[in-house]
Amino acid sequence: MSYRSNLEKILSENKFAITAEIGPPKGSDQNKIKDKADILKGYADAFNVTDNQTAVVRLSSWGGCFILLKMGLEPVMQITCRDRNRIALQSDVLGATANGIRNILFITGDHQSFGNHPSAKGVYDLDSIQLVQVINDMRNKGIFQNGEKIIAGKPEVFIGAATNPFSEPFDLTIDRLEKKINAGTDFIQTQSIFNLDKFNLWMDEIISRGLDRKIHILAGITPLKSIKMTERMKFHVPGVDIPDNIYERMKKTINPLNEGFDISLELINEVKKIKGVHGLHITALFWENIIPYLVKESGLLPRT
Amino acid sequence: MIITKQKEFNDLIKCIAKGPVFIIGCSECATVCHTGGEEEVLSMKKALEKKDIDITGWVILEPACNLQKDKLLLKNHMNTIKNAKKILVLACGNGVQTVAEIIKDIDIIPGCDTLFLGEIKHANDFVKTCTLCGECIQDLFDSFCPVARCPKSMLNGPCGGVKNGKCEISSDIDCIWDIIYKDLKKKGQLSKFKEINKPKDWSKSIEMRRTI
């Protein structure tokens, strides 16, 4: 069996996979990515480079992915529907795969009004589910969205998508995941998990519908760094569910870095026991150097 | 004026599938466009009956996009509306949704496609002139709107595709930039062309606010 990427191989062999996020800089200095990558090398199987996340202009995802490739790290490129129409989306996937990017995560994207260019015109020609279907048809059927044949090389891409187990209504989030699976998604990375009870309920439903056998699920983990960050995520970031007990712990502690680390470690140890979870996606916003410690302490990597 | 076009009759029949049907028209734009006035509602009634689809009744709203007026008018028709399995609305996309706010438990079928906001040049001759972008900048362009009338919405046009004053995407379309140029030249204001027009602030568009 040949695999498109190392991430696909690890997940297909039923090993517990780790992906980690590398946020690209607001500028063209490649060292900003290299420095983070040096810290994280060996502590994840693949590395997401975000695509202008929260609609703030940064070094592009494919640009960041090329830097990782040159360093011998496996990237997960991200593509949002916010900034490109179907012509650019398909073209970028061809360009990325031609250059060795094999994992791509497709998302609709945060609305431009949230970012630092609120006067921008959003594109949203396709949504994430449509985009996954288009790329899946390019990969499997060798056709573009218009039905024309791909002449020279289908894009060999391991298709990722995102999902939020904490959004409403509950049933619809799972129906939507099912749609993403049917559209051709191979793996999903979830919204950061803090509310274990809710995540367990969600996973129960995933398992009862047999979806964990159709898609690889990487559970999102985000270490909390400060009370300020905790409050911003709890009260202002849409779709994040931080339960009161975690909020209280971060509020009361005199050492938020230690407390945030402990909470993450506890969450990792619980999440990895949940049936149907195939790996973790760790997003440490402006705190990437904590990831190696989390991965080592929880015994996830190196694999024995 | 909101310009609409009636959907293909065969597509409508497929959508309706089974009657009986109550038909709703609109006294304003759809009447002027001849897509949902009294004349069109009555000929739609006849055409559907020919296909063995019963019509329980019809009404022309004044206009369909006015929620409070619709409530009053539809009240008088509730008995015939209740007998219908489908409501066919011959109005713009707004009219369809205003009706749907009042009639909650019967399937509503849009009978028209909503095309654009435009000028009535002659009877049945409409031209798109505005995209409802939220911030009018026609003062920069001699009262012509390139956002609406240039297919690339260029603010520093024309592009390289203009030929004999026609647009590259179709020789049926006058290049609005050619028109602006000729007009400014006549007025001796060609210096306006030298200004670089800044990127447009799309956040002024009502798209993000929904209500005012």
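In chain B of this predicted model, strand β1 (residues 2-6) runs antiparallel to strand β6 (residues 112-122), and five bridges join the two. Strands here are DSSP runs of E, at least two residues long, and helices are runs of H or I of at least four, both numbered from the N terminus. Two strands pair if DSSP finds at least two bridges between them. One of the bridge partners is C112(B) in β6(B), which goes with Q6(B).

A word on conventions. Residues are numbered from 1 along each chain as its sequence is written, and chains are lettered from A, ligands numbered from 1, in the order in which they are written. Since the model is predicted, local features need pLDDT of at least 70 and side-chain atom pairs count only at pLDDT 80 or more, while totals for chains, interfaces and linings use all residues.

Back to β6(B). Strand β7 of chain B, residues 125-130, is also antiparallel to β6(B), again with five bridges. H122(B) stands opposite D125(B). The two strands form a hairpin with two residues between them, and N124(B) in that turn has a positive phi of about 60 degrees.

Now the whole chain. Chain B has eight helices and nine strands. Its radius of gyration, taken over C-alpha atoms, is 22 Å, well over the 17 Å that the globule rule gives for 212 residues, so chain B is more spread out than a compact globule. That rule is 2.2 Å times the number of residues to the power 0.38. Along the principal axes, the C-alpha atoms fill a box of roughly 65 × 35 × 25 Å.
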